[in-house]
Amino acid sequence: MIKIRLVVLAVALVKTYAVDAGQITGECETPSIVINDVRVFNGERLIDHATVVLGCGKIMRMVEAAGVLDLTEQVERIDWRGKTLMPGLIDSHTHNFRRETLVRALDFGVTTVIDTGSAASGFARAMKDERSSGTLVDRADMVSAALWITAPGSHGTQFGEVPTLERPEDAEQFVLDRIAEGAEIIKII
C-alpha cells in the first residue's frame with residue numbers, strides 16, 4: 001500500500017462526475033489511487049462521505065458518496081473512513097533556517113510557508129532550487145524573503161551582522177542581491 005502523508009484537496013465547487021477508466025489512468029507512470037469513504041472539507045463546507053480519485057500526482061475526481069465508483073481498472077483502494085481531507089494550510093509569517101522545520105510543518109498540514117526573513121546563508125536559494133527540481137515531496141513549500149530590508153540600527157540588526165539599506169539609490173542593488181539569494185518576496189522593516 002502506498003503511504004500517503006498528506007493529500008491536498010483544492011476543489012472550489014464539488015460536483016458528482018461520471019468517471020471512466022481512461023480518465024483515471026491518465027498518461028503517467030504513477031498508479032491511481034481511490035480513497036473511499038473520506039470526509040472532505042473543501043474550504044467552504046464539510047462533506048461527510050466522499051470518494052476521491054488521485055492520478056498523475058493530482059486529484060482527478062471527487063464524488064459525494066462513499067464507494068460509488070465502479071472501476072474496471074486496477075487501482076489501489078484506500079478506506080479512509082473517519083479521516084478528513086482538506087486544503088493545505090499556509091503559514092504566512094515564519095523564519096526558517098533548516099529544512100527539518102519545513103518537514104515538520106507538513107506533518108501538521110501546512111503545505112506552504114512564507115519565510116519573512118532568515119539570516120541562514122543560502123537556505124532560501126537551496127529550498128527554491130529543490131522546488132524547481134521537482135523533488136519537493138516530503139516538506140512544505142517555502143516562499144522566502146531570504147533576508148529582510150532594514151536600516152542601520154533598526155529591527156533585524158540585533159540578530160547579528162546583516163546588510164542594511166542606508167541610501168535610496170542603493171535599493172535596486174539591495175533587492176537584486178536578495179533575489180540572487182533566492183528571495184521571491186521582499187520584506188521591508
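## Close-up views of a predicted model

View 1. Strand β1 and strand β5 (residues 84–85) run parallel and are joined by two bridges. Strands here are DSSP runs of E with at least two residues, and helices are runs of H or I with at least four residues, all numbered from the N terminus. Two strands pair if DSSP finds at least two bridges between them. Opposite threonine 84 in β5 stands arginine 39. The model is predicted: local features need pLDDT of at least 70, side-chain atom pairs count only at pLDDT 80 or more, and totals for chains, interfaces and linings use all residues. Residues are numbered from 1 along each chain as its sequence is written, and side-chain values use heavy atoms, with hydrogens and water left out.

Strand β1 covers residues 33–41, and seven of its nine residues are buried (under 20% relative accessible area; exposed is over 50%, partly exposed in between; 1.4 Å probe, protein chains only). With strand β4 (residues 76–79), β1 runs parallel over four bridges; there, valine 34 has arginine 77 as its bridge partner.

**View 2. The hairpin of β1 and β2.** Strand β2 (residues 46–55) runs antiparallel to β1, and six bridges join the two. Valine 38 has its bridge partner, alanine 50, in β2. Four residues lie between the strands of this hairpin, where glycine 43 takes a positive phi near 100°.

View 3. Four bridges link β6 in the parallel sense to strand β7 (residues 110–115), and isoleucine 90 has threonine 112 of β7 as its bridge partner. Contact means heavy atoms within 4.5 Å.

**View 4. Serine 144 in strand β8.** Serine 144 is found in β8 (residues 141–144). Why does serine 144 count as buried? Its relative accessibility is 2%, so serine 144 counts as buried. Among the residues that serine 144 touches, not counting those up to four places away in sequence, are Ala124, Gly182 and Ile185.
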